[in-house]
Amino acid sequence: MTALSVSTSSAASLRVDAVVVGVAKGDKGLVPAPGAETVAEAFDGRLAEILDTLGVSGAEGEAVKLPAPAGLKAGFVLVVGLGDAPADGDFGAETLRRAAGVAARTLAGSRKAALALPTATPADVEAVALGGLLGAYAFNAYRANGNGKAPVAELTVLAPRKGQKEAKAAAERATVLAEEMNRTRDLVNTPSNDLNPKSFAAAVQTAGKEHGLKVEVLDEKALAKGSFGGILGVGQGSANPPRLVKVAYTHPKARASLAFVGKGITYDSGGISLKPAGHNETMKCDMSGAAAVFAAVVAASRLGLEVNVTGWLALAENMPSGTATRPGDVLRMYGGKTVEVLNTDAEGRLVLADAIVRAGEEKPDAIVDVATLTGAMMLALGNRTFGIMANEDGFRDRIFDATQRAGEQAWPMPLPAELRKGMDSSVADIANMGERMGGGLVAGLFLKEFVADGITWAHLDIAGPAFHEGQPFGYTPKGGTGSAVRTLVQLAEDAAAGELL
Ligand code: BES
Ligand code: MN
Ligand code: ZN
């Protein structure tokens, strides 16, 4: 993991491989962004002119290396585009995160770099630090030694002398968020032949010890004893048996308690309703919800938030075999409701239902589940936006507000009551499939059936943004993204501040 520090030194005096500055598109051409002053001076005030000659436009995503002029101790200057210069001088957190992310990605293979980007406020410092640490992420665990560029080893965020304490705190929060998002990315990127319910649970136990969390693991025997029919039914076709993991963080001054429930299908083949070729290559990502929940609980602990947060990870591998659940089978879920499994590929809602009922028994103030649940949500919202559904509109709207402050793309979705009857079953209390149209909302309505009366609940369908198949952009690499981690941490912070419930 890349090391991060904050410094008030001048960009000219730092012995680094690279110093990073921003450039924006102004009314009358390119303008070096705040933070770039010293570097611009070292170019005798001709930085904008030089960049213009080189055809640099200042667009977001642009990164150009220049040899360092005399007067800088750095090896080279890396200029990153910030897009249009804002009239009020505030670039906004996402622009800064993305620019720092582009810089860090470009710097893979370098050792030390200074980020001389706009850092007028602690929020700016946090954005630059977070974008830098997220952009520096690389997943090289499965490459032979030496193959794959190592991420930049050290990043120094340059900040003004005024407000140093706040800048340090902001960088620390960014470090926790980045490390926990990167933990999520590692878990999501780890192939299913190494990450199965058992090894996932072991990883939670290890981290639990390190961060003072209480971890309880139900193995297949304990699940059978407890009648967790949903998790067992999904897992029974696999040689890798399922697990339900509870990971709890408590604070003595907590006045609110949150339960986060994560879908943890370590591989989704579809089961007997097998997915066709072209649909299962990325299905190691189907535990992204559980990974986000796990990381968020660790983050809550590392940040010392004054709130109780319990994570419930519903872990199973969905495979076809002679022991697998068949379409038409009826499962008796935890809590006693029965479900007719019409399609074994609608497995996420089955493991989540058990975990939601179990989480509800502890009477948290709210339950938020996170899942790569439906292809339909991707059709609705695309690859970068997750859907938010809830059993209270006010709660859904506060979660949407939290996503915006956390810097994640999300959108509120409805749970139209008329879609419920499509899941009526002729043999069981409910079927695991309904109308095709609005499939993401149908899945949400299924989950809602398992939320105990009086409990506030929301569902985040992250099927789109959890796994990035395109080229890297900003601070987002290929593969696991860490989707929903920042939102869950924001919710925990909001709950601690008495602003969520
Ligand atoms: N894990 C998938 C959803 C998914 C698809 C996530 C693509 C990420 C990328 C889920 O288990 C699934 O298979 N859902 C089905 C439900 C259907 C059978 C009712 C779907 O969306 O097609
Ligand atoms: Mn599936
Ligand atoms: Zn799935």
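## The shell around ligand 1

Five nonpolar, four polar and seven charged residues make up the shell around ligand 1. Here Ala, Val, Leu, Ile, Met, Phe, Trp, Tyr, Cys and Pro count as nonpolar, Asp, Glu, Lys and Arg as charged, and the others, Gly among them, as polar. A residue is near if one of its heavy atoms lies within 4 Å. Of the 16 residues around ligand 1, Lys-275, Asp-286, Asp-345, Glu-347 and Gly-375 come nearest. Strand S10 (257-268) and helix H11 (375-381) each give the shell at least two residues. Helices (H or I, at least four residues) and strands (E, at least two) are DSSP runs, numbered from the N terminus.

This is a predicted model: local features need pLDDT of at least 70, side-chain atom pairs count only at pLDDT 80 or more, and totals for chains, interfaces and linings use all residues. Residues are numbered from 1 along each chain, chains are lettered from A and ligands numbered from 1 as written, and side-chain values use heavy atoms, without hydrogens and water.

## Contacts of ligand 1

Lys-275 has a polar side-chain atom 2.8 Å from an oxygen atom of ligand 1. Asp-345 also places a polar side-chain atom 2.8 Å from an oxygen atom of the ligand. A polar backbone atom of Leu-373 is 3.5 Å from a nitrogen atom of ligand 1. Alone, ligand 1 exposes 520 Å², and the protein buries 79% of that (Shrake-Rupley method, 1.4 Å probe).

## The zinc ion

Lys-263 (NZ), Asp-268 (OD), Asp-286 (OD) and Glu-347 (OE) coordinate the zinc ion (ligand 3) at 2.0 to 2.4 Å. Donors are N, O and S atoms within 2.8 Å of the metal (3.2 Å for Na, K and Ca); water is not among the atoms, so sites may look incomplete. The six donor atoms of zinc make angles of 78 to 173°, and the site is octahedral (six donors, opposite ones over 155 degrees apart and all others between 65 and 115).

## The manganese ion

The manganese ion (ligand 2) is coordinated by Asp-268 (OD), Asp-345 (O), Asp-345 (OD) and Glu-347 (OE), at 2.0 to 2.2 Å. Angles among its six donor atoms run from 70 to 170°, which makes the arrangement irregular. Asp-268 bridges manganese and zinc, which lie 3.1 Å apart.

Asp-268 and Glu-347 are both buried (under 20% relative accessible area; exposed is over 50%, partly exposed in between). Asp-345 is partly exposed, at 22%.

Conventions:
A polar contact is a pair of N or O atoms within 3.5 Å; within protein, one must be able to donate a hydrogen and the other to accept it, and residues adjacent in sequence count only if both atoms are side-chain atoms. Four donors count as tetrahedral if all angles lie between 85 and 135 degrees; four count as square planar and six as octahedral if opposite donors are over 155 degrees apart and all others between 65 and 115; anything else is irregular. Buried means under 20% relative accessible area, exposed over 50%, partly exposed in between (1.4 Å probe, protein chains only).
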